[in-house]
Amino acid sequence: MTQAPPQTPIPTRTRVLGEPLDRVDGHVKTTGAAQFSAEYPYPDLAYAALVYATIPRGRIKSLDTSAARATPGVLAVITHENAPRMKPPPKPSFLNLATLASGTSVNYLNTDEVHWNGQPVAVTVADSLEAAHEAARLVRVTYESQPAAVDFARAEPTAKPQKNNALIQGGGSKGDADAALAAAEVSVDLRFTTPMHHHNALEPHATTAVWQGDKLTVHDGSQNIDWTRRQLAHRFGMNLNDIRVVARFVGGGFGGKGNIWAGTILAVLAARVVERPVRLMLTREGVYRTVGGRTPSTQRVALGTDRDGQLTALIHTSVTQLGHVGGIEEQVVSQSRHLYDAEHILVQQSQVTIAALSTASMRAPGEAIGSFALEAAVDELAYRLDLDPIEFRMRNEPDRNPLDGKLFARRGLRDAYAVGAKRFRWQDRTPEPRSMRDGRWLVGMGVATAFHPAWRFPANLTVRLSADGTVLVRCAFHEMGMGAATAFGQVTAHALGVPFDAVHIEYGDSELPVGPGAGGSAQTASVTSSLLEAAAQLKRDLRKLADRAHLSPAEPPTTILRAAGRDQLTATVGSDTRFGQVTGQLRFLTRFIRDRRRYVKAACGAHFCEVRVDPDTGEVRVTRWLGVFDIGTVVNAKTAASQLRGGIVMGMGAALGEETLVDRETGRIVNANLAEYHVPVHADVPRIDIQCLGDPDPTMPLGVLGAGEVGIVGVAGAIANAVHHATGRRIYDLPITVDKLL
Ligand code: MOS
């Protein structure tokens, strides 16, 4: 795939699917030529900065903007006293998924109410970034505070059980788990806690908003162009077609760019006020204040078995957090529905609602933190039984979905553990805790299971085959660094039997047919499905043309097109709006849900890790890692492995460093920066060995299950288990920091 398609493409590869091809956008990114949302030049560009509320709940009593307005270069100071009116966010409804995308229910700067500590209460706009920030510093706000519950831990007793709906289940049960637990011969009953987390994408959220009359162009690093466009149309009372959203490159999202947060809305508002293009780049602190992070959690995992280690009881419950202004009910107990064959199961999620910013999806939401608890509990139980933790898992590996007897579309866990144990030399492990050493270091080895559901969303696209041999794919999907454009070039080349270099792809722009959001590890399967449909259409049409021209349909497409006197042939899947309309979405979802009633579709895998712990300082180093995964068909061996590796690094962050600290009295995030919020750096990450089993999933397009998030799931559990093996200490509270090990 190239920027300028060759005129006479020569087949360079016989096999393109699965090949570890380099990213097609690698060159523009490494040279800095790729334009991100904050890099589009506009003459007359103005810069905006935010002022954040410093109380968790109450009203703005007074505002003094005189000093801010007097700052040289300042064009406007916008507050609830002078902001143009906007419509409040739409009421969230599963009948129109785009309505779920409002980050919060707040109509920013259209109200004097404050709902969380950090809510934007003013926007300054200036000729320069520096002047905008200086002015923001000078805005004086006084508040009338109201009492507010801001502390998750204290609010825990107020948790309410989550109800089930068509898409998401809050709980489920089989048999009588409490009675089975009480009667079990061997059991554990454990409580786990995980802290709040923040996404910390390399590219902080940024929006460049440009009005031309009543038309609006927005460069916004979004994971969901369509939802951003719909949200803006709603808030500003516009027609969809008058708004263009461009997100050609996104510098990481991890769920933090799937909703529409204050920065996007306020950049558009500010541009309307100053009648100039406006750029609003959130500072790192601004991201913490205005973009929701991952909920903290408390979890109970109780397991009971017979003497042989056959599970009889499995209980997994969780409490997570919502804000009064919104939030996500994370699927914390998700794996406990699928992983272990217990006769009696009870899973239930509950939530508390406090005066905090909405919680949001983040890096395998729910599964990442839920698997920490489940996999650590399983490890502890295996010790009670004096069983190898892999052997325990194999004894409890189900043939059908444990909770409801549904079929698994496929399940490679047995293979993943068998292959992994050999490759990692699991047999070298002596089970006794504190029994392995390397010099002064205590050495530990741990395993855990990865599991992530496979989803699929509607994707409209067009594929155009030209007589010069080139192929053009147009689809508004998202390239956040995962290699999407490269993978879809490979799928297209494979499906049409054309060289990879002949395929050109346009993406990341709402002018293109509406694509899927990049989330839920679903983008690859979603777009692949429509690419296959388009390729089948093109092949049918080519056969007809070949017939008419008395040619064999086996002739190259270029020959057939030329003989038929055609310059090009186009296949359209959906239309610009078919899957965007409420009815189209509903039809698609209904089909998908029906399919999911029959099958559990999921990617899965086995993590093997080795840690070294300093017995004197409690320092934990991860020294070896192997992940063996069943992600169905591998479209690109290099980018898939990178996705899985990235997931493992994120899991290492959750296990050993990441923790958003919230002041228990004021609800203020106190470590809103990368100096005090610890994500892994290169020195923390060992060589990560990845193996994919590679068999296609029979129920997904081209057999693709998705690789985006499964790598994260189980990582914290594997590390906690390895730390226990090394030290004899089991840590139930993330992150596993030195103070907890001393
Ligand atoms: Mo995600 S947490 O599905 O970007």
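Visitor: Which residues does D614 touch, not counting residues up to four places away in sequence?
Guide: Keep in mind that this is a predicted model. In it, D614 touches R440, W441 and E619 once residues up to four places away in sequence are set aside. For a contact, heavy atoms have to be within 4.5 Å. As for the setting, D614 sits in the loop between β25 (602–613) and β26 (620–630).

Visitor: Is D614 buried or exposed, and how do you know?
Guide: Buried means under 20% relative accessible area. D614 comes out at 7%, so it counts as buried.

Visitor: What makes β25 largely enclosed by the rest of the structure?
Guide: The same cut-off of under 20% does the work here. In β25, 12 of the 12 residues are buried, so the strand is largely enclosed by the rest of the structure. Both faces take part: A602, C604, A606, F608, E610 and R612 point one way, while A603, G605, H607, C609, V611 and V613 point the other way, and all are buried.

Visitor: How do you know that β25 pairs with β19 and β26?
Guide: Two strands pair if there are at least two bridges between them. Strand β19 (residues 441–453) is joined to β25 by 12 bridges, and β25 and β26 share 10 bridges, so by that cut-off both count as pairs. Both pairings are antiparallel. To find your place, look for V447, whose bridge partner in β25 is F608, and for R612, which stands opposite R621 in β26. The hairpin of β25 and β26 has six residues between the strands, and G618 takes a positive phi near 80 degrees there.

Visitor: What about β2 and β4, how many bridges join them?
Guide: Two bridges join β2 (residues 58–64) to β4, and the strands run antiparallel. The requirement is at least two, so this counts as a pair. One of the bridges links G58 to V114 in β4.

Visitor: And why are β4 and β6 called edge strands?
Guide: The open sheet has three strands in the order β4-β2-β6, with antiparallel pairing. Here β4 (113–114) and β6 (140–145) each pair on one side only, and that is what the edge label refers to.

Visitor: Why is α12 called roughly parallel to α13?
Guide: Helix α12 (residues 484–496) and helix α13 (residues 523–548) pack at an angle of about 30 degrees, and their axes are 9 Å apart. Angles under 35 degrees count as roughly parallel, which makes α12 roughly parallel to α13. The crossing is right-handed. By class, the contact involves 10 nonpolar, four polar and one charged residues. Among those on the α12 side are F488, V491 and L496, and the α13 side includes V527, L531 and K539.

Visitor: Why is F254 called partly exposed?
Guide: Buried is under 20%, exposed is over 50%, and partly exposed is in between. F254 has a relative accessible area of 28%, so it is partly exposed. F254 lies in the loop between β12 (243–246) and α7 (262–274), with a positive phi of about 60 degrees although it is not a glycine.

Visitor: Where is the cis peptide bond, and what is its omega?
Guide: The cis peptide bond joins L734 and P735, with omega at about -10 degrees. P735 is in the loop between α17 (715–727) and α18 (738–741).

How values were computed. Residues numbered from 1 in each chain as written. Predicted model: local features only at pLDDT ≥ 70, side-chain atom pairs only at ≥ 80, totals over all residues. Heavy atoms only, no water. Helix = DSSP H or I, 4+ residues; strand = E, 2+ residues; numbered from the N terminus. Axes fitted to C-alpha atoms, helices over the stretch in contact; angles between N-to-C directions. Parallel < 35°, antiparallel > 145°, perpendicular 65-115°, else oblique. Left-handed = near helix turned anticlockwise from the far one by under 90°. Nonpolar A, V, L, I, M, F, W, Y, C, P; charged D, E, K, R; others polar. Buried < 20%, exposed > 50% of the residue type's maximum accessible area, 1.4 Å probe, protein only.
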